[in-house]
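Biologist: Could you take me through one loop of this model in detail, with the cut-offs spelled out as you go?

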Amino acid sequence: MFVTGHGPFPSYLLRFNLRTHDNCSCGEKGDPIHYATKCPFTLSCHFQTPTVSLKLQWLKNIPTNNFSRTRLRLLMRFICDENNLIVENNN
């Protein structure tokens, strides 16, 4: 879900008109990279922000690293369980 951007992310839900905006509760765009690197609600699960030129390689490498996969699972579980906290409700 994280690598493809499918799932409980506001940026994904907006594409299917399931939300009226794509904002996280912190005010930034709610896409997977935001939650993994910048969102104050997911601070304990943060990864180092990739450079623009290495973003694709970074996304490819995360699933192959055991430690990264574990952190990613925790992040996704938090996003799914606490969706009402991290998704701005401006419907």
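Modeller: H21 sits in the loop between α1 and α2; helices here are DSSP runs of H or I with at least four residues, strands are runs of E with at least two, and both are numbered from the N terminus. This is a predicted model, where local features need pLDDT of at least 70, side-chain atom pairs count only at pLDDT 80 or more, and totals for chains, interfaces and linings use all residues. Residues are numbered from 1 along each chain as its sequence is written, and side-chain values use heavy atoms, with hydrogens and water left out.

With a relative accessible area of 10%, H21 is buried (buried is under 20%, exposed over 50%, partly exposed in between, using a 1.4 Å probe and protein chains only). Its side chain gets to the backbone nitrogen of N23 at 3.2 Å.

N17 belongs to the loop between α1 (10-15) and α2 (32-37) too, but N17 is exposed, at 68% relative accessible area. Most residues other than glycine have a negative phi.

Now for the cysteines. If a disulfide is a pair of cysteine sulfur atoms within 2.5 Å, the count comes to 0. C26 is in none, and the nearest cysteine sulfur, that of C24, is 3.6 Å away. C26 is partly exposed, at 31% relative accessibility. C39 is in no disulfide either: its nearest cysteine sulfur is that of C24, 3.6 Å off. C39 is buried, with a relative accessible area of 0%.

How values were computed:
A polar contact is a pair of N or O atoms within 3.5 Å; within protein, one must be able to donate a hydrogen and the other to accept it, and residues adjacent in sequence count only if both atoms are side-chain atoms.
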